[in-house]
Structures are given as C-alpha cells and as structure tokens.
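The sequence and the structure come first, and the description follows.

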Amino acid sequence: IGSGNARILEVSPNPAKGPINIHLFLPEWQTKFPVQLELKSLTGNTLANIFTGELESGYQKFEWSGENNSNPLPSGVYLIQMRCNNTIQTVRVILLN
C-alpha cells in the first residue's frame with residue numbers, strides 16, 4: 001500500500017481481550033472517503049460490521065467491542081478488513097475471550 005492510499009496503521013492491543021482500537025489514515029488528496037470496516041473469519045465470511053460511512057481525511061480511530069450483535073466472539077484469529085475507494089487492506093487480530 002503506497003503512502004497516498006488509505007490504510008490501517010495499527011490494531012491494538014493484539015492479541016486482545018476486550019475492546020480493540022483500530023487506527024486509520026486517510027490521505028489529504030480527498031476531503032471525505034467512503035470507508036467500510038468489517039470483521040471477517042479466516043475463510044472470508046463477514047462476522048461483524050464495525051463501521052460503514054464517510055470519514056474525513058487524516059487520522060481516525062475506532063474502538064470495537066470484540067462483539068457481534070452484543071455477543072462476545074470466541075477466542076481465535078480473525079481479520080479486520082478496510083475498504084476505501086480502490087484500496088482493500090486486511091490485518092489479523094487475535095481475540096482472547
């Protein structure tokens with residue numbers, strides 16, 4: 001991912017027991033970006049929608065509870081995927097519940 005693209009900067013803590021902070025960067029060449037953040041299984045199934053909407057350029061932070069519809073997810077390895085314009089980035093996260 002080049003420096004001019006939207007990207008996930010950090011997912012912390014990782015491994016996590018409880019809430020997870022997701023730090024994004026959206027470049028300044030556009031004022032607003034359509035962003036979708038999802039939690040996926042290792043097989044690519046969507047398990048939770050973390051965020052869908054528009055964000056302004058710059059640094060953004062989300063806190064995700066580690067739950068799906070108020071139900072804690074079991075311990076395991078998951079993927080957090082960000083889609084923004086033509087960029088798709090996926091990072092692994094380990095949940096310890």
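In this predicted model, Glu-10 stands opposite His-23, a residue of β2. The two strands β1 and β2 (residues 20–26) run antiparallel and are joined by five bridges.

## The three-stranded sheet

Strands β1, β2 and β5 make up an open sheet of three strands, arranged in the order β1-β2-β5 with antiparallel pairing. Its edges are formed by β1 and β5 (58–64), each of which pairs on one side only. From one strand to the next, the twist averages 20°.

## Two residues around the β1 and β2 strands

Ser-12 belongs to strand β1, which covers residues 7–12, whereas Gly-18 lies in the loop between β1 and β2. Is Ser-12 buried or exposed? Its relative accessibility is 17%, and because the cut-off for a buried residue is under 20%, Ser-12 counts as buried. Gly-18, with a relative accessible area of 23%, is instead partly exposed.

| Residue | Relative accessibility | Contacts beyond four places in sequence |
|---|---|---|
| Ser-12 | 17%, buried | Ile-20, Asn-21 and His-23 |
| Gly-18 | 23%, partly exposed | Ser-65 and Asn-97 |

Among the residues touched by Ser-12 is His-23, the residue of β2 that Glu-10 stands opposite. How far apart in space are Gly-18 and Leu-96, C-alpha to C-alpha? The two are separated by 78 residues in sequence, and their C-alpha atoms are 8.0 Å apart in space.

## The four-stranded sheet

Another open sheet holds four strands in the order β4-β3-β8-β9, and here too the pairing is antiparallel. The strands β4 (46–56) and β9 (87–95) stand at the edges of this sheet and have a single partner strand each, so one side of each is left without a neighbour in the sheet. Neighbouring strands of this sheet are turned against each other by 20° on average, with direction ignored.

Within this sheet, strand β8 (residues 76–84) is joined to β9 by nine bridges, and the two strands run antiparallel.

Key. Residues are numbered from 1 along each chain as its sequence is written. This is a predicted model: local features need pLDDT of at least 70, side-chain atom pairs count only at pLDDT 80 or more; totals for chains, interfaces and linings use all residues. Side-chain values use heavy atoms; hydrogens and water are left out. Buried means under 20% relative accessible area, exposed over 50%, partly exposed in between (1.4 Å probe, protein chains only). Contact means heavy atoms within 4.5 Å. Two strands pair if DSSP finds at least two bridges between them. Axes are lines fitted to C-alpha atoms, for helices over the stretch in contact, and angles run from 0 to 180 degrees between N-to-C directions.
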